[in-house]
Amino acid sequence: MKAIEVYGLKKEYNSIVAVDDISFSVEEGSIFGMLGPNGAGKSTTIECIIGLRKKDNGDVKILGLDPIKDNSKLYNLIGVQLQETSYQDKIRVSELCDLFMSMYDEPLDYIPLLERFGLLEKKKNYMSELSGGQRQKIAIILALIANPKIVFLDELTTGLDPKARREMWKCIRELRDEGRTIFMTTHYLEEAEYLCDEICIINNGEIVAIDNISGIIDRANIDIIVSFETKEEVASLIKENITGVSKIERLNNMVKVYSKRDDIISDIVILLRNKNIDYSRIDVIRPTLEDAYLKLTGKEWEVK
Ligand code: ADP
């Protein structure tokens, strides 16, 4: 079952094309990540899917419903945490949660939610007394009070310290594991790699790749690197005896062999052994989602 279906979505602001004819779908019960540089069109896409913005063209279905026409039905089915949500500082956590409970037909009790996110003892605190990570958790709790089938999380972990971010990852996985669909955006590639079942990379309003993590990395078609240390001159030996070598670099005793061949390390080891060449610290560096993202969005830079 598809939780979200988008066909040919287009949205312009005056003459700026923010989203340009994009199509994709999101499987129910999965974590879907939309990645892309600032201004790529992620927020606009989310806003069109949840009915906050009117699309110029295309077709959007969310849980089989039309985001604008069926807005009142959808209201109880989706939970939304948008970027930089600002709350009145002089409101207590419990008051804010009560307010949200009053807005839905069949809300979840917020006490177990506070407990689950480790915030029960903050129930009577003012929002202004919470840390950044705690406020982000409140944002999720508020998005969950409707007991939604789909949760939208727009840059939820931006600005959090590494421990708070990891806690958040655990929460997001739990939401998926209890059957909810998660639509998230993030600028943290290792976060997307850890969490997302499927990734859609968008750039200048257009989709440049959509796949699971390994599919995205394969699409970017980036060399793996076999690195090792040796005092011997091996470049020409390797080039002459091993196929599929893109380039060889040497820095002091460190040799790096670039290739698209996943199994090239075994050829290198056999060759070095057969030729009695001393080597050490042999390793394979495989492209990460971040490498793929940078290549696919045209922001590749040489760091390796
Ligand atoms: P992202 O969420 O990926 O950063 P956005 O969807 O916010 O991207 O923006 C996509 C493009 O649309 C950008 O060029 C942005 O400047 C423009 N844009 C976004 N919102 C508005 C708006 N309300 N009015 C005019 N232009 C906008």
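Strand E2 (16-27) and helix H1 (42-49) each supply at least two residues of the shell around the ligand. Helices (H or I, at least four residues) and strands (E, at least two) are DSSP runs, numbered from the N terminus. The model is predicted: local features need pLDDT of at least 70, side-chain atom pairs count only at pLDDT 80 or more, and totals for chains, interfaces and linings use all residues. Residues are numbered from 1 along each chain as its sequence is written, and side-chain values use heavy atoms, with hydrogens and water left out.

**The ligand**

H1 gives the most to the shell, with 3 residues. The residues around the ligand are Tyr13, Ile16, Ala18, Pro37, Asn38, Gly39, Ala40, Gly41, Lys42, Ser43, Thr44 and Arg53; a residue counts as near if one of its heavy atoms lies within 4 Å. By type, the shell holds 5 nonpolar, 5 polar and 2 charged residues. Here Ala, Val, Leu, Ile, Met, Phe, Trp, Tyr, Cys and Pro count as nonpolar, Asp, Glu, Lys and Arg as charged, and the others, Gly among them, as polar.

| Residue | Protein atom | Distance to a ligand oxygen atom |
|---|---|---|
| Ala40 | backbone N or O | 3.1 Å |
| Gly41 | polar backbone atom | 2.9 Å |
| Lys42 | side-chain N or O | 2.8 Å |

On its own the ligand has 560 Å² of accessible area, and the protein covers 63% of this. Accessible areas come from the Shrake-Rupley method with a 1.4 Å probe.

**Helix H10**

In helix H10 (residues 264-274), Ile264, Ile268, Val269, Leu271 and Leu272 are buried. Buried means under 20% relative accessible area and exposed over 50% (1.4 Å probe, protein chains only). Contact means heavy atoms within 4.5 Å. Just after H10, Asn276 has a positive phi of about 55°.

**Helix H8**

The buried residues of helix H8 (residues 213-220) include Ile213, Gly215, Ile216, Ile217 and Ala220. Helices H7 (189-195) and H11 (289-296) pack against the buried residues of H8, as do strands E8 (198-203) and E9 (206-211). Asn221 follows H8 and has a positive phi, near 50°.

Conventions: Polar contact = N/O pair within 3.5 Å; in protein donor to acceptor, adjacent residues only side chain to side chain.
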